[in-house]
Amino acid sequence: MYDILLHVHSWTRWLVVVFGLIAVFRAFSGWQGRRRYVGADNGMGAAFVGSMHLQLLVGLILYLGLSPVTKTALANMGAAMKSPELRFWGVEHITVMVLAVIAAQVGRSLSKKATEPVLKHKRAFVWFTIALVLVLLMIPWGIWNPARPLFRF
């Protein structure tokens, strides 16, 4: 079960990144172009936030029950804090990713509540950008660590 969910978590990160980039682009261009907030804008925001929630759910299952790395970190947090790898997986990754999900959800909620289209786009842009930057900072890119591939097979 661990391997399956790890693969799902690894692959769905690309949904988050792609939907996030598109949502940020649409929000920015809508804000700067002063255009109407259309169904595609709303849909892309929903896809970004929905993919973030899916990622969080799978990540929490891995974090709280299946990952041997986080089991080791949670068994002895004092020792985990002295190990960069255990600290990353046991504290930093999960904390920042939860904050990213919160930022994405706040952006979606605030943009939906705004009454003016330009304000909808601006709020979505600001909050979705914050969320996406946090996600990009905390993805364990395989470029820097070959043990963590960009695509798991």
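The points below run from the whole chain to single residues.

1. This is a predicted model, and what follows should be read as a description of that model. The protein has six helices and zero strands; from the N terminus on, the order of elements is α-α-α-α-α-α. The C-alpha trace spans about 50 × 30 × 25 Å along its principal axes.

2. Of the 153 residues in the protein, 41% are buried. Among contacts with a separation of 6 or more, 73% are between residues 24 or more positions apart. The accessible surface comes to about 8400 Å², and carbon and sulfur atoms account for 72% of that surface.

3. The largest nonpolar core holds 25 residues, and the residues with the most contacts inside it are Phe48, Met52, Ala104, Phe128, Ala131 and Val135. Two or more residues come from each of H1, helix H2 (39-66), helix H5 (84-113) and helix H6 (117-138). H5 gives the most, with eight residues. Leaving aside residues up to four places away in sequence, alanine 131 touches Phe48, Met52, Ala100, Ala103 and Ala104.

4. Five aromatic pairs turn up in a search of the whole structure. In one of them, the ring centres of tryptophan 31 and phenylalanine 125 are 5.5 Å apart and the planes meet at 35 degrees, so the pair is tilted. Tryptophan 31 belongs to helix H1 and phenylalanine 125 to helix H6, so this pair ties together parts that are 94 residues apart in sequence. Tryptophan 31 counts as partly exposed because its relative accessibility is 22%. Phe28, Trp31 and Phe125 form one aromatic cluster.

5. A further pair, phenylalanine 48 with phenylalanine 128, is edge-to-face, at 5.4 Å centre to centre and 75 degrees between the planes. Phenylalanine 48 lies in helix H2 and phenylalanine 128 in helix H6, so the pair links parts that are 80 residues apart in sequence.

6. Threonine 12 sits in helix H1 (residues 2-32). Its relative accessible area is 11%, so threonine 12 is buried. Not counting residues up to four places away in sequence, threonine 12 touches Leu54 and Gln55.

Conventions: Residues numbered from 1 in each chain as written. Predicted model: local features only at pLDDT ≥ 70, side-chain atom pairs only at ≥ 80, totals over all residues. Heavy atoms only, no water. Helix = DSSP H or I, 4+ residues; strand = E, 2+ residues; numbered from the N terminus. Buried < 20%, exposed > 50% of the residue type's maximum accessible area, 1.4 Å probe, protein only. Contact = heavy atoms within 4.5 Å. Areas by Shrake-Rupley, 256 points an atom, 1.4 Å probe, with all protein chains shown as cover. Core = buried A, V, L, I, M, F, W, Y, C linked by side-chain atoms within 4.5 Å. Phe/Tyr/Trp six-rings, centres within 6.5 Å; stacked < 30°, edge-to-face > 60°.
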